[in-house]
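Open your viewer and get ready to click along with this tour. We will go from stop to stop, selecting a few residues each time and looking at what is there.

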Amino acid sequence: MDMTPAKISSKDKRLDKDNVFAANQRTNLLRSAAVYGANASGKSNLVKAVGLMRDFVPSSASERRATEPIDMQEYRLDMETENHPSLFEVVFISSGKQYRYGVEVSRKRVESEWLFWVPTVKEARLFVWERDEINVSKRSGEESKGLQGKTRPNALFLSVVGQFNGPISMETLHRRHDHEGRPVDHAFFDLDEDESDGTQKLFSVAVHVLDALNKGGIVVVDELDARLHPLITRTLVHMFHTTESNKANAQLIFTTHDTNLLDKTVLRRDQIWVAEKDLQGRSHLTSLVEYKVRNDASYEKEYLRGKYGAIPFINVVKLFREDTDA
């Protein structure tokens, strides 16, 4: 997945201004990306992969025993690769500088790990760990010196470097009214017990959304539209596209089935991705830009007609129904 904008122009010119921001002097980025696709197309696996990498980096050095297996699943549908390590890599910008961090892991150990950055124009190495050898650049500073020998096989060097350096509960508030409909005081509701599933989902998402909009950062949500009204989902996405509410340039990446967002007044073509599996069960992500879609096309109609793929096999659903009825 690539969050850099394509060289396209939208039918609604406001999108080219509002949905794109300058991350540094050389790089623009998109404020959001939506991933569509049929059930079991791999959308959730994208979120799980990001989540695994996000959790593994800060916690592997402190929360994992030396002999504990790494909590990941191999790709089991290909005999040639089922025992190969999985590779995760992300290119990101922090404090105006571009970094490239990656790791290859199996369930038993970290096979390799690397971190590069772009201090000026050319990419430079900060460290590379391959098997039991860690090559650390002088640019990585004093904080990483002497830590090579402290890195376990199932922990990340970056996590070790970071290491050496109460629950929140919510009750919601509702107004109470007298017999004439006038507000008199408030009633407290337990969020888990008294509120609807949709309200619970909105609160769980809103906490992360508001934090990102305030401080900056990336919010990744699986099935953003689940249990939410389409107008609420649209409003959440719009909050990331509005400079007034997103002054910190936060980004939103989400999977969804909500085709109401497939609107040329909401998303650019490079913000819309479709996930689809090939005959070997491998998931592929494709941007609408790669389909050569016109900027005045009806994205929703063309998606539902199957022009972009990534729709369910209706005959399989029909077959399942017939078997159930029998």
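Start by selecting Glu 123 and Arg 100: their side chains meet in a salt bridge, 2.9 Å from N to O. The term means that a side-chain nitrogen of Lys or Arg lies within 4 Å of a carboxyl oxygen of Asp or Glu. Side chains of opposite charge can pair when their charged atoms come close. Strands here are DSSP runs (E, at least two residues), numbered from the N terminus.

A word on what you are viewing: this is a predicted model, in which local features need pLDDT of at least 70 and side-chain atom pairs count only at pLDDT 80 or more, while totals for chains, interfaces and linings use all residues. Residues are numbered from 1 along each chain as its sequence is written, and side-chain values use heavy atoms, leaving out hydrogens and water.

Buried means under 20%, exposed over 50%, and partly exposed in between (1.4 Å probe, protein chains only).

Stay with Arg 100 and show the strands. Its bridge partner in β6 is Phe 116. β5 and β6 run antiparallel, joined by 8 bridges, and a hairpin of 4 residues connects them. Two strands count as paired if DSSP finds at least two bridges between them.

Now look at β4 (residues 86-94), which pairs with β5 in the antiparallel sense over 9 bridges. Ile 93 stands opposite Gln 98 in β5. In the hairpin of β4 and β5, with 2 residues between the strands, find Ser 95, which takes a positive phi near 50 degrees.

Next, select Arg 268 and Asp 270, whose side chains form a salt bridge at 2.6 Å, N to O. Arg 268 is buried, at 3%, and Asp 270 is buried, also at 3%.

For one more pair, pick Lys 307 and Glu 302, with their closest N and O atoms 3.5 Å apart in a salt bridge. Glu 302 is buried, at 12%. How many salt bridges are there by this rule? The count comes to 12.
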